[in-house]
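User: Got a model here that I'd like to talk through. Can you take my questions one by one?

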Amino acid sequence: MKDLIASLVRHYCQKGILIDTNILLLFLVGSVNQERITKFNRTQQFLPEDYEFLLEFIARFQKLVTTPNILTEVNSLANQFGEPERSQCFAIFAQFVKNVALMDEYYVKSLDAVNTEKFVKFGLTDSGILTLSKGKYLVLTDDFKLASYLRSVEVDVINFNNIRPLNWK
């Protein structure tokens, strides 16, 4: 497993990594308050150590890739926080989005996303991930169903849950 991950990182370190919603949310929540990670419903499956590991892992890539749909989902979920964490989260979110040197945001037309074979099963955001990433970017997700499907259509993907226990470095 470590060899496969290392190979994928080498292959995509300059091209970029597309980070799915829950993983990006882990980044945001951990950036605001690592103790909150296990208490927020969408990140409670993670530990503060996972946030630290995520930072180390994504630092290996020259750019992070996202879509407006992913950012909208993250924004909606972060809006569930109470104050002052909500405002802190949005401040970090704004800095993240402004950091154009690190992040590239690509618009995927909804028409293109809904025309994917499995749109009904995966919805708009995940179909956009498929449309954008195929042959271009490594996908980092914690969604087993999405990761399995992406592998089946030859999209390079890492399920964060598979690398967490390895403490891969």
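User: How do α2 and α4 pack, at what angle and how far apart are the axes?
Analyst: This is a predicted model, where local features need pLDDT of at least 70, side-chain atom pairs count only at pLDDT 80 or more, and totals for chains, interfaces and linings use all residues. Residues are numbered from 1 along each chain as its sequence is written, and side-chain values use heavy atoms, without hydrogens and water. Helix α2 (residues 21-32) packs on helix α4 (residues 68-78) at about 50°, axes 9 Å apart. Helices are DSSP runs of H or I, at least four residues, and strands are E runs of at least two, numbered from the N terminus. Axes are lines fitted to C-alpha atoms, for helices over the stretch in contact, with angles from 0 to 180 degrees between N-to-C directions.

User: Which residues of α2 and α4 make the contact?
Analyst: From α2, Thr21, Leu24, Leu25 and Leu28; from α4, Ile70, Leu71, Glu73, Val74, Leu77 and Ala78. Contact means heavy atoms within 4.5 Å.

User: Switching to the sheet. What is the strand order?
Analyst: β3-β2-β1-β4-β5, an open sheet of 5 strands with parallel pairing. Pairing needs at least two DSSP bridges between two strands. The edge strands, each pairing on one side only, are β3 (103-105) and β5 (157-159). The twist averages 30° from one strand to the next.

User: How many bridges join β1 and β2?
Analyst: β1 (residues 17-19) and β2 (residues 64-66) pair over 2 bridges, in the parallel sense. Leu18 stands opposite Val65 in β2.

User: And Val9, where is it found?
Analyst: In helix α1 (residues 2-12).
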